[in-house]
Amino acid sequence: MRKHSTVEVLGCSGSIGIPGEGTTCFLIDDDILIDAGTGLCNIDFQRLEKINHVFITHAHLDHICGLPFLVDSVGVGRSVPLKVYAIAETIHALRQHIFNESIWPDFTRIPEPDHPVMEYVVIEPETDIVLDDRTIHTVMVEHTVPAVGVFLTTPTGRWCFSGDTHRTDRLYDLINTGRPVDYLFIESAFPDEEQWLADLAKHLCPALLFAELQKVHVPCEVWISHLKPREYDRIQQQLQKYPGAQPLKQLAAGQVFHI
């Protein structure tokens, strides 16, 4: 049994344009990926080959764009399929709009339908998926498309990534009542001046985020992701006004958390 698991931030930006950053992608140990944004480009081929499980929170491009390249890069050399886990609506979107033989090959049929290099696994929210000594648990959150937040539980720690979300409740209910976490990664995509856009796009801005964090009644470190590059500095300034006892911390590519 490993001493602990690690969560490595490969990408956590709300878009491209910040050197060294990429869009959402987290690597758990060396074999589990949470989302597959442009941050996936930050690791080399040898590390890509070790990934066996990819969890996709929702179908938006900044969270999936690395997946076609990942399976294209490592697929033909795999002895077992790359497993892609998502709720049914997200898998439908991947099948229809990405791996559709027009945008990208359908790797669930390559080289043969009975022996593919990629396999879809439908997630049922609020059920456990156990991978060795690590448990992944998902919960539906509020976004413009069906989306989930992700909990990771290990023998030594707990982590939660909200995914892209707006106002939501069940995520915090789980944190408070049955799934306390050491770290909560949550977004703040827009500045407060653009709350109208945050409401439209079902994202958070600092004022909305501060209200959401009032729903968390157990101690945990809160780390912020998904800042849009154009408003990066302004969002940062507003996040520093958080009225809670513990200041909010900002994620950056390359950070590693021990869970």
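**Note on the fold, pockets and backbone details**

1. Pro111 sits in strand β6, residues 111–112. The peptide bond between Ile110 and Pro111 is cis, with omega of about 0 degrees. Strands are DSSP runs of E with at least two residues, helices are runs of H or I with at least four, and both are numbered from the N terminus.

2. Basis of this note: the model is predicted, local features need pLDDT of at least 70, side-chain atom pairs count only at pLDDT 80 or more, and totals for chains, interfaces and linings use all residues. Residues are numbered from 1 along each chain as its sequence is written, and side-chain values use heavy atoms, with hydrogens and water left out.

3. Overall shape. The chain has eight helices and 16 strands. Its C-alpha trace spans about 55 × 40 × 30 Å along the principal axes. The radius of gyration is 18 Å, which agrees with the value near 18 Å for a compact globule of 259 residues. That radius is taken over C-alpha atoms, and the globule rule is 2.2 Å times the number of residues to the power 0.38.

4. Of the 259 residues, 53% count as buried. Buried means under 20% relative accessible area, exposed over 50%, and partly exposed in between, with a 1.4 Å probe and protein chains only. Among contacts (heavy atoms within 4.5 Å) between residues at least 6 apart in sequence, 60% join residues at least 24 apart.

5. Helix α7. This helix covers residues 206–213; six of its eight residues are buried, so it is largely enclosed by the rest of the structure. The buried ones are Pro206, Leu208, Leu209, Phe210, Glu212 and Leu213. They pack against α5 (170–177), β13 (183–187), α6 (195–201), β14 (221–225) and α8.

6. Largest pocket. Its volume is about 240 Å³. It has 14 lining residues, and Leu213, Val216, Val218, Cys220 and Tyr242 are the closest to its centre. The lining divides into 10 nonpolar, four polar and no charged residues. A pocket is an open set of points on a 1 Å grid over the protein atoms alone, where a 1.4 Å probe fits, with protein on both sides within 12 Å along at least five of seven lines; lining residues have an atom within 4 Å of a point. Volume is the space filled by probe spheres set on the points.

7. Second largest pocket. Its volume is about 160 Å³. Its lining includes Ile224, Pro247 and Lys249. The elements giving two or more residues are α8 (232–239) and β15 (249–250). Five lining residues are nonpolar, four polar and one charged. Tyr242 belongs to the lining of both pockets. Ala, Val, Leu, Ile, Met, Phe, Trp, Tyr, Cys and Pro count as nonpolar, Asp, Glu, Lys and Arg as charged, and the others, Gly among them, as polar.

8. Positive phi. Asp29, not a glycine, has phi of about 55 degrees. It lies in the loop between β2 (25–28) and β3 (32–34) and is buried at 12% relative accessible area. Lys202, also not a glycine, has phi of about 55 degrees. Lys202 is in the loop between α6 and α7 and is partly exposed at 23%.

9. Cysteines. The whole structure has zero disulfides, a disulfide being a pair of cysteine sulfur atoms within 2.5 Å. The Cys25 sulfur is 8.8 Å from its closest cysteine sulfur, in Cys41, too far for a bond. For Cys220, the nearest cysteine sulfur is that of Cys160, 8.5 Å away. Cys25 is buried at 0% relative accessible area, and Cys220 is buried at 14%.
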